[in-house]
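Good morning, and thank you for coming. I would like to present one protein model and describe its rings and its sheet.

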Amino acid sequence: MDRGGCQMNGGGGGVGGSNRHGMITLEDLESFSEEQLSDSGNGSLEEETTEEDQDPDRLLHYWQEVARGHHVEVPQDMTGPIQQLTSNNEGRSERQRIPFTLITRKEKCGQLLYEKRRYEKGRWACITMHEDTYEQSICYGFMKIMRYICKQNSLGEYLGMTLPILTVVHTNENHSVISRDVTVAYYLPTHHQAQPPQPYDSEITIEIWPAAIVYARAFTGPTNEVILINQINVMAELLDAPGVGISNSFIVAGYTNPAHSNRQNEIWFLERN
């Protein structure tokens, strides 16, 4: 990684399935209202929204209530981006999973342990946060990226959602402590790769990440510091050759809104050059 956080030696990813176990995904946020998210339980999220469900104040209130559980404040100026993601039904077919080439899959007793993938060079919008906790950093970073996606850019238009959203973390040598520097990264959709719209927020930078080989393992649930340290150590034990990966920089690929606890994630190890 470069700059202590924003670039990795590659980037992007995808994981199968969209809404298992009642998870609320970033995809769902583009087209589902507060009531549907709150009442979803373990059912599917396939109902259509109504004008009443799309009320901006109600949507903002929903996000604020959920975020408080992570000690995160959602400001009033998030009303527009939240409304944009929630009401953009016509863009659902345009959502892009970040492309990769599958090299191999490691399985044991029919259970997938991890995948080895190749990601090509691409442009990413990145912001590095320094909050007290990892959860706060990804929530605040994601809100800034949301503003960029939702018209706060040089084109003044909605850019489109890509998945996953990545967060880059760093640990000490024995993988027991996570640094406060956390980078949140959004892959520019294919039609914006050649000429990325510039962000209004000066803290967001457009980076070119080179191609990379990634070892990816899926896990579900919250992504606080304790859980990430555990996931990193589990992945290190699963790799046939642990030394193949970079030892102190890792990526969490998020397919689910960071304000929710039952999230769909992957931990990525980057192969050394």
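**Rings, strands and helices**

Let me begin with a charge over a ring: Arg117 lies over the face of Phe100, at 4.5 Å from the ring centre. A charge sits over a ring when NZ of Lys or CZ of Arg is within 6 Å of the ring centre and within 35 degrees of the ring normal. Please note that this is a predicted model, in which local features need pLDDT of at least 70, side-chain atom pairs count only at pLDDT 80 or more, and totals for chains, interfaces and linings use all residues. Residues are numbered from 1 along each chain as its sequence is written, and side-chain values use heavy atoms, with hydrogens and water left out.

Phe100 also belongs to a cluster, which ring pairs form with Tyr119 and Trp268. Rings of Phe, Tyr and Trp (its six-membered ring) pair if their centres lie within 6.5 Å; planes under 30 degrees apart count as stacked, over 60 as edge-to-face and the rest as tilted.

How many aromatic pairs does the structure hold? There are seven. One of them, Tyr148 with Tyr186, is edge-to-face, at 6.2 Å centre to centre and 80° between the planes. This pair links distant parts of the chain, 38 residues apart: Tyr148 is in helix H5 (residues 134-149) and Tyr186 in strand S7 (residues 182-187). Helices (H or I, at least four residues) and strands (E, at least two) are DSSP runs, numbered from the N terminus. Tyr186 is buried, with a relative accessible area of 0%. Buried means under 20% relative accessible area, exposed over 50%, and partly exposed in between (1.4 Å probe, protein chains only). Tyr148, at 1% relative accessibility, also counts as buried.

The ring centres of Phe250 and Phe269 are 4.8 Å apart and their planes are at 55°, so this pair is tilted. Phe250 in strand S10 (residues 245-254) and Phe269 in strand S11 (residues 264-271) are 19 residues apart. Both Phe250 and Phe269 are buried.

I turn now to the sheet. Nine strands form an open, antiparallel sheet in the order S2-S3-S9-S11-S10-S6-S7-S4-S8. Two strands pair if DSSP finds at least two bridges between them. At the edges, strand S2 (101-108) and strand S8 (205-209) each pair on one side only.

Within the sheet, six bridges join strand S6 (residues 165-170) to S10, and the two run antiparallel. Which residue of S10 is the bridge partner of His170? The partner is Ser249.
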